[in-house]
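Here is a short briefing on one protein model.

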Amino acid sequence: MSDLQIEEATLEEAVAELSTLHDWLRWTTSQFASSSIFFGHGTDNAWDEAVSLLLPALSLPVDAPKELMHARLTSTEKNRLAGLIAERINDCTPVPYLTNIAWFAGMPFYVDERVLIPRSPFAELISNRFTPWLEEPQSVNRILDLCTGSGCIAIALAQAFEQAQVDAVDISYEALEVTDININDYMLTERVLPIQSDVFSGVPGQKYDLIVANPPYVDAEDMADLPREFHHEPELGLASGHDGLDVTRTILSEASEHLTDNGLLFVEVGNSMVHMDALYPDAPFEWIEFEQGGLGVFVISKKQLDEYFAK
């Protein structure tokens, strides 16, 4: 792992010789580009990664005015940045865990290592209020967000469907502590309810117009090949058996009894969509094509669930 490391002497040189924010952004970009870190938790290149780390670490917006680029940093600030850069490179810690900020659906959320870092294509569906599948968005009164993690999907749903109540469920009490932080930050305590639940176990008898599920879906082969950055995330939120579909099986077998008559189920299974055909041959899943990128999300109605699983 020696190619991952940044030496203490290199950091000390940076603190001594770099003066402005622009200096630090250029130097950090070079360090990130020459390291073996993996980009995939909000950025895809060394410059954007440097911006997303350094600006929030200085309590500045990532779109800070260009005039600030030539502002000089104090020794305290420079030492703080050096420490974060070392942690990013040497420990492969994802930037959102270093800044405690992740973005989803254009909104910032608090995150730490109790929850996955948001990166779901559900943001696009939410912004479109699930059209064309959801014909009357205004008729949605109750929504369930399964495996809510940070609560970002539940909160984005509550913002998009202002008349709806949203239950945000997760098996992890630790994850729900983070969910609660974000619900409070967005002042949605009256409409978004965090619930400890192993899939549907915590919501017996409840029915929803819309169920959105982003369960663990990484199969055993992919888990073994994940970059180091992903090992900072809770394995409970990633791994789901040999084919990545252990939780999805439960969702599909039980979802119908928790959907209203015209209810819809949207599930993200990512790369494990390759296993779905073998597991559910001829199932009426509609796989969604995203304009902004992403794959592995399907939609199925209560009626379709009842017909397929009754066979």
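How many bridges join strand β7 to strand β9, and do they run parallel or antiparallel? Five bridges join β7 (residues 259-268) to β9 (residues 297-301), and the two strands run antiparallel. The model is predicted.

**Sheet**
- The sheet is open and has seven strands, with mixed pairing.
- Its strand order reads β5-β4-β3-β6-β7-β9-β8.
- β5 (192-196) and β8 (286-287) are the edge strands; each has a single partner, so one side of each lacks a neighbour in the sheet.
- Within the β7 and β9 pairing, L264 stands opposite S301 of β9.

**Helices on the sheet**
- Helix α10 (residues 246-254) packs on the sheet and touches β3 (142-146), β6 (208-213), β7 and β9.
- The direction of α10 makes about 170 degrees with that of β7.
- Helix α12 (residues 302-309) also packs on the sheet, touching β7 and β9.
- The direction of α12 makes about 85 degrees with that of β9.

- The peptide bond from T131 to P132 is cis, with omega near 5 degrees.
- P132 sits in the loop between α6 (122-127) and β3.
- R129 lies in the loop between α6 and β3.
- R129 is not a glycine, yet its phi is positive, about 55 degrees.
- R129 counts as partly exposed because its relative accessibility is 28%.

- C147 is placed in the loop between β3 and α7 (152-160).
- Its phi is near 60 degrees, a positive value in a residue other than glycine.
- C147 has a relative accessible area of 25%, so it is partly exposed.

**Nonpolar cores**
- The largest nonpolar core has 33 residues.
- The residues with the most contacts inside this core are F104, F122, F130, L157, F161, L210 and F266.
- Elements giving two or more residues to the core are β2 (107-109), α6, α7, β4 (165-170), β6, β7 and β9.
- Helix α7 gives the largest share, seven residues.
- F130 touches F122, L125, L157, F161, L210, V212 and F266, leaving aside residues up to four places away in sequence.
- Another core, of 30 residues, lies apart from the largest one; among its residues are L25, A46, A82 and V95.

How values were computed: Residues numbered from 1 in each chain as written. Predicted model: local features only at pLDDT ≥ 70, side-chain atom pairs only at ≥ 80, totals over all residues. Heavy atoms only, no water. Pairing = 2+ DSSP bridges. Helix = DSSP H or I, 4+ residues; strand = E, 2+ residues; numbered from the N terminus. Contact = heavy atoms within 4.5 Å. Axes fitted to C-alpha atoms, helices over the stretch in contact; angles between N-to-C directions. Buried < 20%, exposed > 50% of the residue type's maximum accessible area, 1.4 Å probe, protein only. Core = buried A, V, L, I, M, F, W, Y, C linked by side-chain atoms within 4.5 Å.
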